[in-house]
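This briefing sets out selected features of the structure shown below. The points are grouped by topic.

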Amino acid sequence: MLREILKPENCAECRVCCGFDESDKWEIPLVFGEFREKVENALGVRLVPRGGEFVFDMEFDGDKLVCCPALGENGCKLSELKPFDCRIWPFRVNRLGDLRVITVSPVCGEISKLPIKTLSEFVQKDGFAETLFKTADAHPDIVKPYLDGYPIIAVEKDYTTR
Ligand code: SF4
Ligand code: SF4
């Protein structure tokens with residue numbers, strides 16, 4: 001989804017977003033209910049409910065980094081089953097007051113190097129922002145509270161009539 005602005009080879013050398021600790025376990029990607037069984041079978045793992053969706057059942061020990069169970073030597077093992085959260089990362093839909101906004105996580109060094117204008121143009125192209133907001137309508141648990149300092153790339157009112 002993001003190949004135009006994020007090179008796979010850069011991700012292959014990074015993998016920062018596939019590891020979690022206690023403080024960021026809220027970022028574990030959501031697996032939508034309709035894919036739960038397929039993901040469980042593909043990986044031989046158990047998913048547990050979170051809100052209306054599912055997440056990997058991971059245990060944490062403070063700030064010790066724990067890799068996502070889907071991470072293999074050659075990257076994510078889920079290919080077409082990769083969770084929506086991961087396919088749009090480092091973009092996020094956040095709740096900011098009455099609005100939903102699209103932000104970009106500063107955790108991703110590669111995307112953070114790009115000018116905001118480039119990111120803004122990217123999300124407006126080919127219905128990317130609309131896809132994010134529509135998916136958020138169907139799966140509201142992907143919407144996380146806005147975090148201070150996260151650059152806002154798009155605002156909901158630009159794309160919906162809600
Ligand atoms: S943090 Fe960014 S560069 Fe690193 S693996 Fe994730 S998306 Fe790729
Ligand atoms: S599902 Fe795949 S892309 Fe997403 S965090 Fe796990 S290994 Fe990374």
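Arg-15 is partly exposed, with 13 other C-beta atoms within 10 Å; a residue counts as buried if 20 or more other C-beta atoms lie within 10 Å of its own, as exposed if 12 or fewer do, and as partly exposed in between, with C-beta atoms placed from the backbone. The model is predicted: local features need pLDDT of at least 70 and side-chain atom pairs count only at pLDDT 80 or more, while totals for chains, interfaces and linings use all residues. Residues are numbered from 1 along each chain as its sequence is written, and chains are lettered from A and ligands numbered from 1 in the order in which they are written.

- Phi of Arg-15 is positive, near 65°, although the residue is not a glycine.
- Arg-15 belongs to the loop between helix 1 (8-12) and strand 1 (19-20); helices (H or I, at least four residues) and strands (E, at least two) are DSSP runs, numbered from the N terminus.
- Ser-79, a non-glycine residue, also has a positive phi, of about 35°, and is located in the loop between strand 6 (75-76) and helix 3.
- Ser-79 counts as exposed because it has 9 C-beta neighbours inside 10 Å.
- The peptide bond from Trp-89 to Pro-90 is cis, with omega near 10°, and Pro-90 sits in the loop between helix 3 (84-88) and strand 7.
- Trp-26, in the loop between strand 1 and helix 2 (36-43), is exposed, with 10 other C-beta atoms within 10 Å.
- Between Trp-26 and Lys-144 there are 9.0 Å in space, C-alpha to C-alpha, although the two are 118 residues apart in sequence.

- An open sheet of 4 strands has the order 9-7-8-10 and mixed pairing; two strands pair if DSSP finds at least two bridges between them.
- Strand 9 (144-145) and strand 10 (152-155) are at the edges, each with a single partner strand, so one side of each has no neighbour in the sheet.
- Strand 7 and strand 8 are antiparallel and share 6 bridges, and Arg-92 has Thr-103 of strand 8 as its bridge partner.
- The hairpin of strand 7 and strand 8 has 2 residues between the strands, and Gly-97 in this hairpin takes a positive phi near 60°.
- Strand 8 (residues 99-104) is joined to strand 10 by 3 bridges, in antiparallel fashion; Val-101 has Val-155 of strand 10 as its bridge partner.

- Helix 5 (residues 116-124) lies across strand 7 (91-96), strand 8 and strand 10, and runs at about 35° to strand 10. Axes are lines fitted to C-alpha atoms, for helices over the stretch in contact, and angles run from 0 to 180 degrees between N-to-C directions.
- In helix 6 (residues 128-138), the residues Ala-129, Leu-132 and Ala-136 are buried. They cover an arc of only 65° around the axis, and therefore lie on the same side of helix 6; the arc is that of the directions from the helix axis to the C-beta atoms.
- An α-helix has 3.6 residues a turn, so residues three or four places apart point the same way.
- Exposed residues Asp-137 and Ala-138 are on the face of helix 6 turned away from its buried side.
- The buried residues of helix 6 pack against helix 3, strand 7, strand 8, helix 5 and strand 10, where contact requires C-beta atoms, placed from the backbone, within 7 Å.

**A separate hairpin**

- Strand 2 (residues 47-50) and strand 3 (residues 53-56) run antiparallel and are joined by 4 bridges.
- Arg-50 is opposite Glu-53 of strand 3.
- The hairpin formed by strand 2 and strand 3 has 2 residues between them, and Gly-51 in the turn has a positive phi of about 60°.

**Ligand surroundings**

- Of the 13 residues around ligand 1, those that come nearest are Cys-11, Cys-14, Cys-17, Cys-108 and Glu-110; a residue is near a molecule if its C-beta atom, placed from the backbone, lies within 6 Å of it.
- Helix 1 and helix 4 (109-112) are the elements that give two or more residues to this shell.
- The shell around ligand 1 contains 10 nonpolar, 1 polar and 2 charged residues. Ala, Val, Leu, Ile, Met, Phe, Trp, Tyr, Cys and Pro count as nonpolar, Asp, Glu, Lys and Arg as charged, and the others, Gly among them, as polar.
- The residues around ligand 2 include Cys-18, Cys-68, Cys-76, Lys-82 and Cys-86.
- By class, the shell around ligand 2 has 9 nonpolar residues, 1 charged residue and no polar residues.

Methods:
Two residues are in contact if their C-beta atoms, placed from the backbone, lie within 7 Å.
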